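Okay, thanks for coming, everyone. Let me put today's chain up on the screen.

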Amino acid sequence: MKLSYRSTLTACYTGYVVQAVVNNFVPLLFLTFQSTYGISLSRITILITVNFLTQLIVDMLSAGFVDRAGYRASAIAAHVFAFAGLAGLAFLPDLTPDPFAGLLISVMIYAVGGGLLEVLISPIVEALPTENKEKSMSMLHSFYCWGHVAVVLLSTLFFLVFGIENWKILALLWAVVPAVNLIAFTKVPLYPLVAEDEEGIPFAGLVKRPAFWIFLVVMTCAGASEQAVSQWASTFAEQGLGVSKTVGDLAGPMLFAVCMGTSRFLYGLYGDKLSLPKAMSGSAVLCIVSYLIISLSPVPALSLVGCGICGFSVGIMWPGTFSLSAASLKGGGTAMFAFFALAGDLGCSGGPSFVGLISDSAGRGLHFGILCAIVFPAVLLLGVLLSGVRRKDLPESAGNPA
């Protein structure tokens, strides 16, 4: 049976679930690592840093090798790395002299897979012959949110039923997801990102285009707008609900992820009835409003509501920027998507750091840091307006399978 592009779309959706597993499973085990292996919190923090630093490095390097290796080979390799890293969590800590070294190696391996997936999946979907590509892109990115929610809920349920001491079995179960999707990517049809009758833009040409730099800034602000609040959501949940840190760690980030996923899912369903540039502008304004609620509300519970509104508002920023840039810079190819992924990741790391540094240096608390972070959605709004992309500029379909 010949597979259609819908099979490719399903494989890409699952690819973003894999990305969610890579980024969100191990943080659930930090306290377990501390008690089981005697690893200090400072060393555990290194696991987070190494994961995202490795993904950033892969983002930078992938522009040079993905086109040479091909999208299919690169996608298969990404899933191999994700599988090997997740499965390695169950074995390497016990095989290395220092358990931390085993954990670190596993994290580095699956981070390579995560970085590749981030660069590959969006352009693969952009190249598919779908109508209203911005809808497909938004729906695609919603699966990262649903994957995040699934990782937290299913892992928590597993720990309640079988005990957290059996976490290695769960690591192997999560490793099944990339293993199965790996097989899918050996069969699904892939389409060229740059059509045969379309002239690609070399990287030297991209950097000469003002739109490229505008969208780099927009993507950076999209990541910063999202994570400036997301990374502090557990704190607002603790304060707003008066719950323990453990419950806050679940409730805050999950509320944010559900609201963000809902936004992307709704746009994926009804985006053809909306203008993406106007929706992006409206999202930026709503994000500014949510920041004001979070930072200025005297009621902690209302700040938590603001976190949910923020999650909804940032939902289409990242996938929307991909769609707008693809429309404005036709033929930008792999290099463009790789550098936009890099810019987004830099924003994701810089946003929370900005909030923390401002809060500490000003000595006025976390709420003041969030208030100052309004600069991110404000600059994003300006960038969307300056880009000049209109609804009629957005493509509706693309070419034949590769």
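I'll go through the overall build first, then the core, then a handful of individual residues.

Quick housekeeping. This is a predicted model, so keep in mind that local features need pLDDT of at least 70 and side-chain atom pairs count only at pLDDT 80 or more, while totals for chains, interfaces and linings use all residues. Residues are numbered from 1 along each chain as its sequence is written, and side-chain values use heavy atoms, with hydrogens and water left out.

So, the overall build. What does the secondary structure come to? We get 18 helices and zero strands; helices here are DSSP runs of H or I with at least four residues, strands are runs of E with at least two, and the numbering goes from the N terminus. The radius of gyration is 21 Å, close to the 21 Å from the globule rule for 402 residues, so the chain is as compact as a globular protein of that length. That radius is taken over C-alpha atoms, and the rule is 2.2 Å times the number of residues to the power 0.38. If you want a box along the principal axes, the C-alpha atoms fill roughly 60 × 50 × 35 Å.

Now burial. Of the 402 residues, 54% are buried, and by that I mean under 20% relative accessible area, with exposed being over 50% and partly exposed in between, using a 1.4 Å probe and protein chains only. The exposed surface comes to about 16500 Å², with carbon and sulfur atoms supplying 69% of it; that's Shrake-Rupley with a 1.4 Å probe, and for residues only the protein chains shown count as cover.

On contacts, meaning heavy atoms within 4.5 Å: take the ones between residues at least 6 apart in sequence, and 82% of them join residues at least 24 apart.

Next, the core. The largest nonpolar core has 107 residues. A core here is a set of buried Ala, Val, Leu, Ile, Met, Phe, Trp, Tyr and Cys residues joined through side-chain atoms within 4.5 Å. Which residues have the most contacts inside it? They are Phe25, Phe33, Leu89, Phe185, Tyr291 and Phe340. Take Phe25: leaving out residues up to four places away in sequence, Phe25 touches, among others, Leu86, Leu89, Val151, Trp167 and Trp174.

Thr32 sits in helix 2, residues 30-37, and counts as buried at 9% relative accessibility. Beyond four places in sequence, Thr32 contacts Tyr37, Ile164 and Trp167.

Over to Tyr291 and its partner Cys310. Cys310 is in helix 14, residues 300-314, and is buried at 0% relative accessible area. Setting aside residues up to four places away, Cys310 touches Ser225, Val229, Phe256, Cys287, Ser290, Tyr291 and Ile294. Cys310 and Val289 are 21 residues apart in sequence, and their C-alpha atoms are 8.4 Å apart.

Ala284 belongs to helix 13, residues 276-296, and is also buried, with a relative accessible area of 0%. Which residues does Ala284 contact, leaving aside neighbours within four places? Met317, Pro377, Leu380 and Leu381. For Met317, that's 33 residues along the chain and 8.1 Å between C-alpha atoms.

One more buried one: Ser263, in helix 12, residues 245-270, at 7% relative accessible area.

Is Leu160 buried or exposed? Leu160 is exposed, with a relative accessible area of 68%, and lies in helix 7, residues 133-162. From Leu160 to Ile288 is 128 residues along the chain and 39 Å between C-alpha atoms. Leu193 is in the loop between helix 8 (167-185) and helix 9 (203-206), and counts as partly exposed at 22%.
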